[in-house]
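Hi everyone, thanks for coming along. Please take a moment to look at the chain on the screen, and then we will walk through it together.

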Amino acid sequence: MNIADKSVASIHYTLKNDEGEVLDSSEGQAPLDYIQGIGNIIPGLENALAGKAEGDKVDVVVEATDGYGEYNAELVQELPRTMFQGVDTIEVGMAFQAQTPAGMQVVEVIEVDEETVTIDGNHKLAGQRLHFAVEVVGVRAATEEELAHGHVHAEGGCGH
């Protein structure tokens with residue numbers, strides 16, 4: 001079976017940046033399972049995997065626009081520290097959920113001083129060209145329940 005819309009693909013992958021630094025990998029872990037065609041993974045990788053079959057190995061370069069998007073300086077904001085009432089310690093690297101006009105968004109604290117907290121709503125990989133080495137280790141049809149829930153279920157269901 002080939003990877004097509006509404007199929008579950010299981011892949012092992014290694015993700016590197018332009019400098020060759022490993023950013024993420026499934027090595028030593030279970031493969032990543034996703035449903036093709038519903039946006040479970042970034043578009044550039046999903047498009048490159050369409051039509052592949054179990055056993056296929058592929059190297060994929062994904063430009064920022066087909067990955068996590070271009071870096072958007074408008075998503076960096078300096079906020080008054082008073083907006084974080086109830087949070088005793090605020091440190092660089094902490095993540096918070098923020099309500100935005102586009103819905104809930106995760107933001108990361110990138111700078112803290114006595115009066116302000118600077119947050120960044122960009123994904124950590126925004127603006128980067130991504131290099132994937134992928135091996136397809138399985139392909140199957142998604143179940144109706146998986147399609148209804150929008151994600152792959154482990155054996156026995158997902159528990160919700």
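**A walk through the chain**

A word on the ground rules. This is a predicted model, where local features need pLDDT of at least 70 and side-chain atom pairs count only at pLDDT 80 or more, while totals for chains, interfaces and linings use all residues. Residues are numbered from 1 along each chain as its sequence is written, and side-chain values use heavy atoms, leaving out hydrogens and water.

How many helices and strands does the chain have? The secondary structure comes to two helices and nine strands, in the order β-β-β-α-β-β-β-β-β-β-α along the sequence. Helices (H or I, at least four residues) and strands (E, at least two) are DSSP runs, numbered from the N terminus. The C-alpha trace spans about 60 × 40 × 30 Å along its principal axes.

Of the 160 residues in the chain, 34% are buried. Buried means under 20% relative accessible area, exposed means over 50%, and partly exposed is in between, with a 1.4 Å probe and protein chains only. As for contacts (heavy atoms within 4.5 Å), among those with a separation of 6 or more, 62% are between residues 24 or more positions apart.

Now some individual residues. Gln36 sits in the loop between strand E3 (32-35) and H1. Is Gln36 buried or exposed? Its relative accessible area is 3%, so Gln36 is buried. The side chain of Gln36 is joined to that of Tyr34 by a polar contact of 2.8 Å. A polar contact is a pair of N or O atoms within 3.5 Å; within protein, one must be able to donate a hydrogen and the other to accept it, and residues adjacent in sequence count only if both atoms are side-chain atoms. Leaving aside neighbours within four places in sequence, Gln36 also touches several residues, including Ile3, Lys6 and Glu46.

Lys6 itself lies in the segment before strand E1 (7-16). With 54% relative accessibility, Lys6 counts as exposed. Its phi is near 70 degrees, a positive value in a residue other than glycine.

Next, Asn122, in the loop between strand E8 (116-120) and strand E9 (130-141). At 11% relative accessibility, Asn122 counts as buried. Which backbone atom does the side chain of Asn122 reach? The backbone nitrogen of Asn72, at 2.9 Å. Not counting residues up to four places away in sequence, Asn122 touches Asn72 along with Glu70, Tyr71, Leu75 and Val76.

Finally, the rings. Searching the whole structure gives one aromatic pair. Phe84 and Phe96 have ring centres 5.2 Å apart and planes at 65 degrees, so the pair is edge-to-face. Rings of Phe, Tyr and Trp (its six-membered ring) pair if their centres lie within 6.5 Å; planes under 30 degrees apart count as stacked, over 60 as edge-to-face and the rest as tilted. Phe84 is in the loop between strand E5 (76-80) and strand E6 (95-100), and Phe96 is in strand E6, twelve residues apart. Phe84 counts as buried, at 11% relative accessibility.
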